[in-house]
Amino acid sequence: MDATRGRASVEGEVPRRERPIGLYVLETGGCEGCFMEIESLNGSAFALEQAGFVCVSDPADADWLLLTGAVTRVCAEMVDRVWRAMPPGRSLIAVGACAVDGGPFPAGYATLGGLQALTPVRRSIAGCPPSPDDILRALQELAQV
Ligand code: SF4
């Protein structure tokens, strides 16, 4: 992870919005690599808020759900609970290979094999794991859609 790249990547690309997009991050059972890369965006090395985003601790304050991990069977109910707690206009983004289709943790006795087992995955960020810079850039691209 190059902790110096994120700031440069958002210069001149700040979305014009009345308020930042609230991100709620949910880890559902992977190696936690993707989760840690997202968490690092909260540090001073990356300009997450200047790019128009803020991490929130309550799903009720979230616009986007960033889901990492292969969705273990015990986490499936939690995914549903968090999603229902989010306000209308919410969006779901799978971050990392596990979150899309299980990646190295395919469906089995312990995992469902990613979000695709629960719902069509329309928005995702590829990688294993994607770097914080990759994630920030992808979030900015998704915000333009
Ligand atoms: S996609 Fe890779 S880095 Fe991310 S949680 Fe899965 S195994 Fe870990």
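User: How many helices and strands does the secondary structure of the chain come to?

Analyst: Helices (H or I, at least four residues) and strands (E, at least two) are DSSP runs, numbered from the N terminus. In this chain there are five helices and five strands, and along the sequence they follow the pattern α-β-α-β-β-α-β-α-β-α. Please keep in mind that this is a predicted model, where local features need pLDDT of at least 70, side-chain atom pairs count only at pLDDT 80 or more, and totals for chains, interfaces and linings use all residues. Residues are numbered from 1 along each chain as its sequence is written.

User: In what order do the strands form the sheet?

Analyst: Two strands pair if DSSP finds at least two bridges between them. Here the order is β2-β1-β3-β4-β5, in an open sheet of five strands with parallel pairing. The edge strands, β2 (53-55) and β5 (124-125), each pair on one side only.

User: Is β3 buried or exposed?

Analyst: A residue is buried if 20 or more other C-beta atoms lie within 10 Å of its own, exposed if 12 or fewer, and partly exposed in between, with C-beta atoms placed from the backbone. Strand β3 (residues 64-68) has five of its five residues buried. Trp64, Leu66 and Thr68 point one way, while Leu65 and Leu67 point the other way. Across the chain of 145 residues, 39% count as buried.

User: Which handedness does the unit of β3, helix α3 and β4 have?

Analyst: A crossover is right-handed if, with the strands pointing away from the viewer, the path from the first strand over the helix to the second runs clockwise. The β-α-β unit made by β3, helix α3 (residues 76-85) and β4 is right-handed.

User: And the ligand: how many residues surround it, and which are the closest?

Analyst: A residue is near a molecule if its C-beta atom, placed from the backbone, lies within 6 Å of it. There are 13 residues around the ligand, the closest being Gly30, Cys31, Gly33, Gly96 and Cys98. Helices α2 (33-40) and α4 (97-101) are the elements that give two or more residues to this shell.
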